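Please keep the sequence and the coordinates at hand while reading.

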Amino acid sequence: MGIKEDFDSALEDWKSNAKKHRMSSSLKSMDCDGFRQIIAIGKPALPFIRDELKTTALIGWGKLVKEILGDEIEFPQEIHGRADAIREHILAWMDSNLPTT
């Protein structure tokens, strides 16, 4: 499988896990192989993450991107806990730092 197929498979696993845990902790929704597999793909997953961020509402995008990028991205304190603001911050960072597809 290629990177896109690996990403899609991992994303489906994460979505399924998030759906199972939607009424419980957000940490449980991220505690799955799919979430870890996307992190393992690393920076090559970023263009796919950017595409998904535009349409897929999942708690954990910020943690996922932070795990991949480390200190390359920072999240202002005032957006912590605000999923829409985190999503917009990630997209703005990607627009400034990644090549367009």
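**Core**

The model is a predicted one. Its largest nonpolar core contains 30 residues. Within this core, Trp14, Ile38, Ile49, Trp61, Leu64, Ile90 and Met94 have the most contacts. Helices H1 (3-20), H3 (33-41), H4 (46-53), H5 (61-69) and H6 (83-97) each give two or more residues to the core. H6 supplies the largest share, 6 residues.

Tryptophan 14 can be followed through its contacts. Neighbours within four places in sequence aside, tryptophan 14 touches Ser29, Met30, Cys32, Gly34, Phe35, Ile38, Leu58, Ile59, Gly60, Trp61 and Leu64. Of these partners, Ile38, Trp61 and Leu64 are also listed among the core residues with the most contacts.

Gly34, Phe35, Ile38 and Ile41 are the buried residues named for H3. Viewed down the axis of H3, its buried residues fall within an arc of 120°, so they line one face of the helix. In an α-helix, residues three or four places apart point the same way, because there are 3.6 residues a turn.

The axes of H3 and H5 approach within 8 Å and cross at roughly 35°. The crossing of H3 over H5 is right-handed. On the H3 side the contact is made by Phe35, Ile38 and Ile39, and on the H5 side by Lys63, Leu64, Glu67 and Ile68. Sorted by class, this contact has 5 nonpolar, no polar and 2 charged residues.

In H5, the buried residues are Trp61, Gly62, Leu64, Val65, Ile68 and Leu69. They span an arc of only 165° around the axis, which puts them on the same side of H5. The cover over the buried residues of H5 includes H1, H3, H4 and H6.

The axes of H5 and H6 come within 9 Å of each other and cross at roughly 35°. Here Trp61, Gly62, Val65 and Leu69 of H5 meet Ile86, Ile90, Trp93 and Met94 of H6. The contact of H5 with H6 comprises 7 nonpolar residues, 1 polar residue and no charged residues.

After H3 comes glycine 42, with phi near 80°. After H5 comes glycine 70, with phi near 60°.

**Single residues**

Methionine 30 belongs to helix H2 (residues 26-30). With 9% relative accessibility, methionine 30 counts as buried, because the limit for that class is under 20%. Sequence neighbours within four places aside, methionine 30 is in contact with Trp14, Asn17, Phe35, Ile59, Gly60 and Lys63. Its C-alpha atom is 15 Å from that of isoleucine 49, which is 19 residues apart from methionine 30 in sequence.

Isoleucine 59, a partner of methionine 30, lies in the loop between H4 and H5. Isoleucine 59 is partly exposed, at 48% relative accessibility.

Lysine 43 sits in the loop between H3 and H4. Its relative accessible area is 42%, and lysine 43 is partly exposed. Beyond its neighbours within four places in sequence, lysine 43 contacts Ile68, Leu69 and Glu72.

Serine 16 is a residue of helix H1. At 43% relative accessibility, serine 16 is partly exposed.

| Pair | Apart in sequence | C-alpha to C-alpha |
|---|---|---|
| Isoleucine 59 and alanine 83 | 24 residues | 6.7 Å |
| Lysine 43 and valine 65 | 22 residues | 9.0 Å |
| Serine 16 and cysteine 32 | 16 residues | 9.5 Å |

How values were computed
Residues numbered from 1 in each chain as written. Predicted model: local features only at pLDDT ≥ 70, side-chain atom pairs only at ≥ 80, totals over all residues. Heavy atoms only, no water. Helix = DSSP H or I, 4+ residues; strand = E, 2+ residues; numbered from the N terminus. Buried < 20%, exposed > 50% of the residue type's maximum accessible area, 1.4 Å probe, protein only. Contact = heavy atoms within 4.5 Å. Core = buried A, V, L, I, M, F, W, Y, C linked by side-chain atoms within 4.5 Å. Axes fitted to C-alpha atoms, helices over the stretch in contact; angles between N-to-C directions. Left-handed = near helix turned anticlockwise from the far one by under 90°. Nonpolar A, V, L, I, M, F, W, Y, C, P; charged D, E, K, R; others polar. Arc of directions from axis to C-beta.
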